Amino acid sequence: MRASLSALERYDRSAEAAAAQVMRHYSTSFSLATRLLQPQVRTDIRNLYAMVRTADEIVDAGLPPHDAAALLDAYEATVRAAHTQRFHADPIVHAYALSARRCGFEDAHVARFFASMRCDLTRTAHTQASFDEYVCGSAEVIGLLCLSAFYSGRPYPPELDDGARRLGAAFQKINFLRDLHEDTTELGRAYFPTVPDPARLTEPQKQELIADIRADLKVARAATARLPRGSRTGVAAATALFSELTDRLAATPAADITHTRVSVPPGRKAILISRAAVEAL
């Protein structure tokens, strides 16, 4: 029989439970998909997600830009040094540090992520170059960090990099399209450089975005088949959910997307996850 947990181990578990709660609160799709991951991988992905979500909330909270920038700078410094310290009073940082040590998250990826978050404090519209840079930092490097979690810090085939980056990019672009109204009216941001006026999204503009997303998903699916079995099913499930969302956005008139948020019903999500799990195996 295993000895009882130490005080520090109890705090570890409590911090990881807090990170899991953050994911459940903010994303039912990702939360459902992570249930198909091997237990340790699931914990590490949730710990990573909670840190990323916290940074995102700092820039979206509506604080004065100077205050938000100061908070983000402080949070970045804490996160990037988190792995060097065994205990953190912030449970989300503590949980992230556990995974950062276990998975060997690359500091350059984390720095690039925070650079994109900082961009949201100053930039309200994008050129193609700035959009590509933003998506790389906000999503593609997260895909690379997930690879480190899938392989528990062990070396992985470098050819998986492109699939991970493209999957992260696809998820980000899908969310941009789905949240077009909120980003425009509440946050004052226009992400897509090909849609200069998000309030007047046209059908050709929408279909061009959909085609770009589907191209990313196609590359990502090919790479998913090469992931370790303990990770493959969860990634396949998440991809299936976002592919369904892409199809629903494609079928929704552009004018409707400018004022409604398209989603996948819970029952349909359950079917897609079950099907993806079977196909991945």
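Helices here are DSSP runs of H or I with at least four residues, strands are runs of E with at least two, and both are numbered from the N terminus.

Figure 1. Along the principal axes, the C-alpha atoms fill a box of roughly 60 × 50 × 35 Å. Because this is a predicted model, local features need pLDDT of at least 70 and side-chain atom pairs count only at pLDDT 80 or more, while totals for chains, interfaces and linings use all residues. Residues are numbered from 1 along each chain as its sequence is written, and side-chain values use heavy atoms, with hydrogens and water left out.

**Figure 2. Inside and surface of the protein chain.** Of the 281 residues, 51% are buried (under 20% relative accessible area; exposed is over 50% and partly exposed in between, with a 1.4 Å probe and protein chains only). The chain exposes about 13,100 Å², and carbon and sulfur atoms supply 57% of that area (Shrake-Rupley method, 1.4 Å probe; for residues, only the protein chains shown count as cover). Among contacts (heavy atoms within 4.5 Å) with a separation of 6 or more, 69% join residues 24 or more positions apart.

**Figure 3. Y11 and F87, a stacked pair.** The whole structure holds 15 aromatic pairs. Rings of Phe, Tyr and Trp (its six-membered ring) pair if their centres lie within 6.5 Å; planes under 30 degrees apart count as stacked, over 60 as edge-to-face and the rest as tilted. In this view the ring centres of Y11 and F87 are 4.6 Å apart and the planes meet at 25°, so the pair is stacked. Y11 lies in helix 1 (residues 7-26) and F87 in the loop between helix 4 (65-80) and helix 5 (91-103), so the pair ties together parts that are 76 residues apart in sequence. F87 itself is partly exposed, at a relative accessible area of 42%.

**Figure 4. Y134 and F176, a tilted pair.** Here the ring centres are 6.1 Å apart and the planes stand at 35°, so Y134 and F176 form a tilted pair. Y134 belongs to helix 7 (residues 128-150) and F176 to helix 8 (residues 160-178), which puts the partners 42 residues apart. Y134 is buried at 4% relative accessibility, and F176 is buried at 5%. Look around them, too: ring pairs link F131, Y134, F176, Y191 and F192 into a cluster.

Figure 5. D12 is buried, with a relative accessible area of 4%.

**Figure 6. T34 in helix 2.** T34 sits in the helix of residues 28-34 and is buried, with a relative accessible area of 4%. Beyond its neighbours within four places in sequence, T34 is in contact with M23, R42, I45 and R46.

**Figure 7. S152 in the loop between helix 7 and helix 8.** S152 has a positive phi of about 50°, although it is not a glycine. At 30% relative accessibility, S152 counts as partly exposed.
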